[in-house]
2 protein chains.
Amino acid sequence: MTGAAGFIGSNLVDRLLADGNKVVGYDNFSTGRRPFLASALRSPNFSLVEGDLLDTEKLSRVMAGCEMVFHLAANADVRFGTHHPFRDLEQNTIVTYNVLEAMRANGIRKIAFSSTGSVYGEATIFPTPENAPFPVQTSLYGNSKVAAEGLISSYCEGFGFQGFIFRFVSILGERYTHGHVFDFYQKLLADPSRLEVLGNGRQRKSYLYIHDCIDAVMVAVGKATEPVNIFNLGQDEYCEVNQSIGWICRRLNVAPELIYTGGERGWIGDNPFIFLDCGRIRSLGWTPKLSIQDGVVATLEYLIANPWVVEARS
Amino acid sequence: MTGAAGFIGSNLVDRLLADGNKVVGYDNFSTGRRPFLASALRSPNFSLVEGDLLDTEKLSRVMAGCEMVFHLAANADVRFGTHHPFRDLEQNTIVTYNVLEAMRANGIRKIAFSSTGSVYGEATIFPTPENAPFPVQTSLYGNSKVAAEGLISSYCEGFGFQGFIFRFVSILGERYTHGHVFDFYQKLLADPSRLEVLGNGRQRKSYLYIHDCIDAVMVAVGKATEPVNIFNLGQDEYCEVNQSIGWICRRLNVAPELIYTGGERGWIGDNPFIFLDCGRIRSLGWTPKLSIQDGVVATLEYLIANPWVVEARS
């Protein structure tokens, strides 16, 4: 598992261990957090290697004996692509190439990959299905994931790999470390009287609760049989940023003045509407348990109960 | 113009010069040929720099003062992706990033890019329009071009660039240096009694004559006004490999025994059917002048008249 100490990675580690698997975690701790692996590290079936995916020699050595790779490591910082244009290409695309080559060197052919709903750019069909019209990329982040997906599917065609590609909406819940709930909570802790909102607050987005996300990954990996298996993972609903602000403010019992930076988009390459058609993964028997509202509130409860998560970033 | 000494690049250089433009050519001569620039080098409006696109410092220096970049340099060797999996990523994707960054450093915001019909993977709609269903990539080559397209469109969104992206079918004609006409001619020169054909010969492909291709590029760059302008460039017809073999054998007056390697595909990631919907570029007033058959024969005439082109590769 690359990115084993990350938000989604560490939750997936725990699930794989609970299901009786042996897991080797690989993380460079650029954004991963050691405490997220506290429980995993107590298991004899888990080992952790601190390493970078650009260190191809170490990566290949660590992979020896594995049956499958979950490639979760990424630059997940969607907003700042234009601030450092090489980062997404390096940390999401080139690094995926390194993972695939390490797999090939070790005779491993099964890979699960965390892609993103951002691959659809500004979609024209809602909810957006996996075979939506060929998108025009609008963000370096989305494009770096498109390129990684294509590397994986090319290895499936060329080298007999099997790929499980997950196009996530934003994931919420325990161990959540970045995104709008995090940002709003952090800002409101600092000043509950006002809240700056990127864009006009009318952006519509779908969210999925982490344990629903992990369930979906396990269902897909267990049941999907094609060489290349691509799944949207999201909720059959979306909310406006403004709605989410309402839920957050109610839970925190604050009534800040809302200050909008304006415009349809929160940042360059932001997507004003993300809503994925998840019929394909649902047809395998998966159903999410938490609504978006419940997911937002659960995330907030987690952040409130774990002040170190918020403090480490402030 | 990157790839200025290549097949398409050198023809485009000649056209830009004929239209009265000043052109700076950049080529590392890994596959480019100096004789293709013989005519251009006689023009006071042309200068040539031998350089590699991985040499970002030189690239940026050479671009100073340019108004627009035609980025034609690429690893165009579609067939051998799995023999050296890094090459397409480096020579087509990373290098495009280098070009975009050099443009940004020089305040240049207009780029034309040679992409490929291979971005559609194994298309499900024929003729395939630009907004065909989101393809699953089957070749490292196709994917490396998808990734380069997305870098360009992300720079259009993030940095105010204007992009002209051309998804070519196979291009034929003067200065053609690789592809099926080249391979068949070379094989028949060596032994006119037998011809090995990759796959079952039933692959259906579309082709476009080089001067029709150059016309289309000039029409698009002159008339298209969106930030991101994506055009399929091909013929409104396709042929079977077997038909093309017939035209070639007739012209050469040979009747070889045909030996098929078998299978629907000529190589890993080969696409058994390429046929693009070119309505978008035609709506700007472009019409190709040569049929596929005429293009194949013109290519053969060129190779016959220029034995050095074939010898250099044998």
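Here are questions and answers on a predicted model with chains A and B.

Residues are numbered from 1 along each chain as its sequence is written, and chains are lettered from A, ligands numbered from 1, in the order in which they are written. In this predicted model, local features need pLDDT of at least 70, side-chain atom pairs count only at pLDDT 80 or more, and totals for chains, interfaces and linings use all residues.

User: What rotation superposes chain B on chain A?
Analyst: Copies are superposed by least squares on the C-alpha atoms of residues with pLDDT of at least 70 in both. The RMSD is 0.0 Å, and the shift along the axis is 0.0 Å. That is the relation of a two-fold axis. The rotation is 180°.

User: How many residues of chain B are in contact with chain A, and which element of chain B gives the most?
Analyst: Two residues are in contact if their C-beta atoms, placed from the backbone, lie within 7 Å. By that test 32 residues of chain B touch 32 residues of chain A. α4 (86-106) and α5 (140-159) of chain B each supply at least two residues; helices (H or I, at least four residues) and strands (E, at least two) are DSSP runs, numbered from the N terminus. The element that gives the most, with eleven residues, is α5(B).

User: Why is chain A said to be as compact as a globular protein of its length?
Analyst: Chain A has eleven helices and twelve strands. The globule rule is 2.2 Å times the number of residues to the power 0.38, and the radius of gyration is taken over C-alpha atoms. For 314 residues the rule gives 20 Å, so chain A is as compact as a globular protein of that length, because its radius of gyration is close to that, at 19 Å.

User: What share of the residues of chain A count as buried?
Analyst: A residue is buried if 20 or more other C-beta atoms lie within 10 Å of its own, exposed if 12 or fewer, and partly exposed in between; C-beta atoms are placed from the backbone. Strand β4 (residues 110-116) of chain A is mostly covered, with six of its seven residues buried. For the 314 residues of chain A, the share is 48%.

User: Which element gives the most to the side of domain 1 of chain A that touches domain 2 of chain A?
Analyst: Domain 1 of chain A is 7-172 + 209-233, and domain 2 is 180-204 + 238-273 + 280-311; the bounds come from an automatic or database domain assignment. Their contact takes 21 residues from domain 1 of chain A and 18 residues from domain 2 of chain A. On the domain 1 side, α7 (210-223) and β10 (228-233) of chain A give two or more residues. The most, six residues, come from α7(A).

User: In β4(A), which residue is the bridge partner of His71(A)?
Analyst: Two strands pair if DSSP finds at least two bridges between them. Three bridges join strand β3 (residues 69-71) of chain A to β4(A), and the two run parallel. The partner of His71(A) is Phe113(A).

User: Along strand β7 of chain B, which residues are buried?
Analyst: β7(B) covers residues 194-197, and its side chains alternate. Four bridges join β7(B) to strand β12 (residues 257-260) of chain B, in parallel.

User: Is Asn253(A) buried or exposed?
Analyst: Asn253(A) is found in the loop between α8 (241-252) and β12 (257-260) of chain A. Asn253(A) has a positive phi of about 55° although it is not a glycine. With 7 C-beta neighbours inside 10 Å, Asn253(A) counts as exposed.

User: What is the peptide bond from Phe126(A) to Pro127(A), cis or trans?
Analyst: Most peptide bonds are trans. Pro127(A) is in the loop between β4 and α5 (140-159) of chain A. Here omega is near -10°, and the bond is cis.
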